[in-house]
Amino acid sequence: MIPSYSSINVSAGFGSFNEGVTEADGQEPYSDALLASLGVKADNCAVFWANGNSMLPTIHDCDQMLVDFSKKTIQGDRIYLVQNGESVWVKRVKMEWDGISLISDNKKEYPPISITGDEAQNLQIIGQVVHIGHSLV
């Protein structure tokens, strides 16, 4: 069983506001075989749900996301949960010479969010999204 945070609003859009949520409020089952195939440990993971359409077609509104808290180093074209203050986003993160860009897959509706080096000091990488689940109905 993996701890879950259904009360945290993870924005797949322009941002969301979460106040005072620090404890898991549920648990979700994940098989040991799936976790092993992903190369993650259950103790390092938690489950969140996406809210919005900025990461379409990769992540849909209400998709379940398995996040590995031990993977905070920005690498390649991976997707991360990022936090700035009380706002939490799911985005691709790109290091720039003068800051960081938060990039949506739905580029038509959501241009990259540029964060200066000074502003990036307050940005926290929560973890890497390692698995996505969504309904087909």
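Predicted model: local features only at pLDDT ≥ 70, side-chain atom pairs only at ≥ 80, totals over all residues.
Figure 1. Phe48, by contrast, is buried, with a relative accessible area of 5%. The ring centres of Phe48 and Phe69 lie 6.3 Å apart and the ring planes stand at 75°, so the pair is classed as edge-to-face. Phe48 belongs to strand E4, whereas Phe69 sits in the loop between strand E5 (64-68) and strand E6 (79-84); the pair therefore ties together parts that are 21 residues apart in sequence.

**Figure 2. The aromatic pair of Tyr5 and Phe48.** The structure holds 2 aromatic pairs. In the one shown here, the rings of Tyr5 and Phe48 have centres 5.1 Å apart and planes at 10°, so the pair is stacked. Tyr5 counts as buried because its relative accessibility is 15%, a value under the 20% cut-off. Through ring pairs, Tyr5, Phe48 and Phe69 are linked into a cluster.

**Figure 3. Lys91 and the ring of Tyr110.** Lys91 is placed over the face of Tyr110, at a distance of 5.7 Å from the ring centre.

**Figure 4. The salt bridge between Arg92 and Asp77.** The count of salt bridges in the model comes to 2. In the bridge of Arg92 with Asp77, the closest N and O atoms are 3.6 Å apart. Arg92 is in strand E7 (residues 87-96) and Asp77 is in the loop between E5 and E6, so that distant parts of the chain, 15 residues apart, are linked by this pair. Asp77 counts as exposed, at 57% relative accessibility, while Arg92 counts as buried, at 15%.

**Figure 5. The salt bridge between Asp105 and Arg92.** Asp105 also forms a salt bridge with Arg92, and here the closest N and O atoms are 2.6 Å apart. The two residues come from distant parts of the chain, 13 residues apart: Asp105 from the loop between strand E8 (99-103) and strand E9 (113-116), and Arg92 from strand E7. With a relative accessibility of 16%, Asp105 counts as buried.

Methods
Residues numbered from 1 in each chain as written. Heavy atoms only, no water. Phe/Tyr/Trp six-rings, centres within 6.5 Å; stacked < 30°, edge-to-face > 60°. Buried < 20%, exposed > 50% of the residue type's maximum accessible area, 1.4 Å probe, protein only. Helix = DSSP H or I, 4+ residues; strand = E, 2+ residues; numbered from the N terminus. Lys NZ or Arg CZ within 6 Å of the ring centre and 35° of its normal. Salt bridge = Lys/Arg side-chain N within 4 Å of Asp/Glu carboxyl O.
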